[in-house]
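Hello,

Here is the structure I promised to pass on. Please have a look at it first, and then read my notes below.

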Amino acid sequence: MNRIITLSFLLFVSSFSVCYGEDENKQADDYLDIDKSLSAYASNAGDANTLGDMLHTGFGAPKNISQAIMWYEVAAKAGHAGAQNSLGDIYYNGDGVEQNYKLAFSWYEKSAMKGNTTAQSNLAYMYLNGESIKVDYSKAKYWFEKAVAKGDVAAQYLLGTMYAEAKGVEKSSVRAKELFTLSCSQGSTFACARLK
């Protein structure tokens, strides 16, 4: 918790000094000093990912997508699965960048291979819908099953849909209902609607 408070403070001070500094040269020097502090502070992937999260969401720091991407990349290149998934989300949604399904797929795949449940569901969704890749129901099912095993609500619903609609699997109303029930019990309104 103390690390997050310190990161928030450093990010706040950096944004404050850039916006309200008295002297432009002093502003730049102050900003570089704080930026060095942030770089030293985020010396591990977890801290870099936390900085990325703060800058991406604007929670604890002013929202800055380009800086968020920079910190996510630091963490992702160090193997942080959460940062890899976050980069996938940014490129998938075109959040402050041009939408790029190929980059999203690449980051989701790296994260999914490391066991990130959300990335496994995201990757499966891309296989299911053929976004930047060829539709592959077998791979969609594989990744949805991995995410379902870890309790992912979206994966439960989407795998249920595959069984209900016989997309790459033998149609099974029983299996679809099991998955919709699991997803509904965790709050998926889509799954609940499929049970009616």
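**What I found**

The structure holds four salt bridges, a salt bridge being a side-chain nitrogen of Lys or Arg within 4 Å of a carboxyl oxygen of Asp or Glu. Before the details, please note that this is a predicted model, where local features need pLDDT of at least 70, side-chain atom pairs count only at pLDDT 80 or more, and totals for chains, interfaces and linings use all residues. Residues are numbered from 1 along each chain as its sequence is written, and side-chain values use heavy atoms, with hydrogens and water left out.

**Confidence**

The average pLDDT (the predictor's confidence in each residue, from 0 to 100) is 85 for the chain, and 78% of the residues score at least 70. Please take care with residues 4-34, where the pLDDT is below 50. Beyond near neighbours in sequence, that stretch has 34 contacts in the model, contact meaning heavy atoms within 4.5 Å.

**Salt bridges**

Glu165 pairs with Lys167 at 3.6 Å, N to O. Glu165 also forms a salt bridge with Arg194, with the closest N and O atoms 3.5 Å apart. Helices here are DSSP runs (H or I, at least four residues), numbered from the N terminus.

Another salt bridge joins the side chains of Glu178 and Arg175 at 3.1 Å, N to O. These two are three residues apart in helix H10 (residues 173-185), so about one helical turn separates them. Through shared partners, salt bridges join Glu165, Lys167 and Arg194 into one network.

**The disulfide**

How many disulfides are there? The count comes to one, taking a disulfide as a pair of cysteine sulfur atoms within 2.5 Å. Cys184 and Cys192 form it, their sulfur atoms 2.0 Å apart. The torsion about their S-S bond is about 95°, so the disulfide is right-handed. Cys184 is partly exposed, at 22% relative accessible area, and Cys192 is partly exposed too, at 23%. The cut-offs are under 20% for buried, over 50% for exposed and partly exposed in between (1.4 Å probe, protein chains only).

**A buried glutamine**

Finally, look at Gln120 in helix H7 (residues 117-129). Gln120 is buried, with a relative accessible area of 3%. Leaving aside neighbours within four places in sequence, Gln120 is in contact with Ala112, Gly115, Trp143, Lys146, Ala147 and Lys150.

Best wishes
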